Amino acid sequence: MTGNHQGLALLLFTAFVSVTLAITAWAGRRRNSSVEFFAGGRLFSPMENGFAIAGDYISAGSLLGVSGLVALVGYDGMLYCVGFLVGFLVVLMLVAELVRNCGRFTLADVLSVRMGQRPVRIAVGVSSVIVSVIYLVAQMVGAASLVSLLLGGQGAAARTWTVIGVGALMVFYVAFGGMRATTWIQIVKAVLLMLGSIGLTVLVLMRFHGDIGALLRSAADGSGHGASFLGPGLKYGGSWTSRLDFMSLALALVLGTAGLPHILSRFYTVPTARSARRSVVWAIGLIGSFYLMTIVLGFGAAAVVGSDAVRGSNKAGNTAVALLAMDLGGGAGSTGGTVLFAVVGAVAFATILAVVAGITLASSASVAHDLYASLRRASRRKPRENEDVKVARIAAVGIGAVAITLSLFAQGQNVAFLVGLAFAVAASANLPALLFTLFWRRFTNRGAVWAVYGGLGPAVLLVILSPVVSGSPEALFPGVDFHLFPLQNPGLVSIPLGFLAGWLGTVLSPEPADEGKHAEAEVRSLTGAGAV
């Protein structure tokens, strides 16, 4: 791209970052109480929180990765759209209101209503941080792919500085703005994303005169795979291993949403459980509309740009939407193409910044409210005023540094695929403990700890021993091969193990469950009596 085009892209980036920094400065002027920092004062309306949930959930994996997969493998890429959307139905039907009534700031609060404080909080805190770091890595990989392309630099240095820049911004948002700033950044991002997606979808449909059939035929021709592009099997149908991989991915996407710490923490920003449920209804409408448009954009990229061109720009397909925008605007070198390309790039960058801010806040809250607080209780030291807020700010810096380091090794991975790994770990470790706590009367402390570690350990271990880390050209370490597990997503094995470990820990527990605490938790979760 020319210097003028890069200047326009930088101008749009600077404008959005300036707006988000202004929001952060405005929110940072408010008092730094725990409720204000971690839950935004619980003052958001259902509509505002619904937009924020959509802004938090629709990540770089959705905008960049899913559309890229559809552009590269057609029908099989659409399966991500189904899984991401159906996962929110699980949240709506099973956990939204109950989590709001039982919790205060984090997922561990819900379990601690019934269970012993220290071991359960430590287990859930560790799990939440690991899930969040994996999710952050996915967002930063998307940022590196997008910004380096937009600014004309595909080298390692451009990607490295992009990752560092995104990491620095997310730490600033969380440390100085807390939940209030993060929420408004997510709302602004959701509005921009929906408007941008609608505009781009309309342009794709206008290119084919509203004929969906013509779009699909052109996509099949542009893919190089012919009619097979529109049917299952390109990615997940070639062998039994790939079919099992699809089943594993589908299970992780459907069940993982209900275990994501940054999504569950959004229910604490509204005043009542009814507001939490209405927030999810708003979010489902926005998210469902977005994923329908993502399918159109993915097939549009295959039809207009061509799968080979998408793969040539980024082998994982993460730049498909940006290339599609350029072509729809008139092609490379044209003013229209450059403007549309830069606008879509800025919206995608807004998406990444908003999501990483929410994830970082949720993970730093787990460090301060669960891990650090447990150690403080063990030492029997009284907490100082707003100590957990100060610890969360320090934790945000540490988590950002870890995520930046790991993301530099994952640049060749598809963003949606990395998000799928985070969903698998969340569904394996957090979901079994959460559902057993809410719905099983006999569940015990040992069962809760075993459920978390029994899902978390196998999930992380199987990822390390999978082709994602070694043994393939796209692996994190392509030069070595120590993979023993054939599937790329561990969910098919690790999710059942999490539930099994929770059941075993309960039946083998020497102490019975506390019936009184269960009755109290049941009344609180269903009625809101005693909720904060």
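T269 has a relative accessibility of 0% and therefore counts as buried, a class that covers residues under 20% relative accessible area, with exposed meaning over 50% and partly exposed in between, for a 1.4 Å probe and protein chains only. The model is a predicted one, in which local features need pLDDT of at least 70 and side-chain atom pairs count only at pLDDT 80 or more, while totals for chains, interfaces and linings use all residues. Residues are numbered from 1 along each chain as its sequence is written, and side-chain values use heavy atoms, with hydrogens and water left out.

The protein as a whole has 20 helices and zero strands, where helices (H or I, at least four residues) and strands (E, at least two) are DSSP runs numbered from the N terminus. Its radius of gyration is 22 Å, close to the 24 Å that the globule rule gives for 532 residues, so the protein is as compact as a globular protein of that length; the radius is taken over C-alpha atoms, and the rule is 2.2 Å times the number of residues to the power 0.38. Along the principal axes, the C-alpha atoms fill a box of roughly 65 × 55 × 45 Å. Of the 532 residues, 61% are buried, and among contacts (heavy atoms within 4.5 Å) between residues at least 6 apart in sequence, 83% join residues at least 24 apart.

Confidence is expressed as pLDDT, the predictor's confidence in each residue, from 0 to 100. The protein averages 84, and 92% of the residues score at least 70; the lowest mean, 75, belongs to helix α1 (residues 3-28), whereas the highest, 94, belongs to helix α19 (residues 491-507). Where pLDDT is low, the predicted coordinates should not be read in detail.

To return to T269, this residue sits in the loop between α11 (261-264) and α12 (273-304). Not counting residues up to four places away in sequence, T269 touches A39, R42, L43, F44, N49 and M179.

F37 belongs to helix α2 (residues 34-39) and, at 4% relative accessibility, counts as buried.

Helix α3 holds G55, which is buried with a relative accessible area of 0%. Apart from neighbours within four places in sequence, G55 is in contact with Q186, K189, A190 and V355. The C-alpha atoms of G55 and A350, 295 residues apart along the chain, are separated by 9.6 Å.
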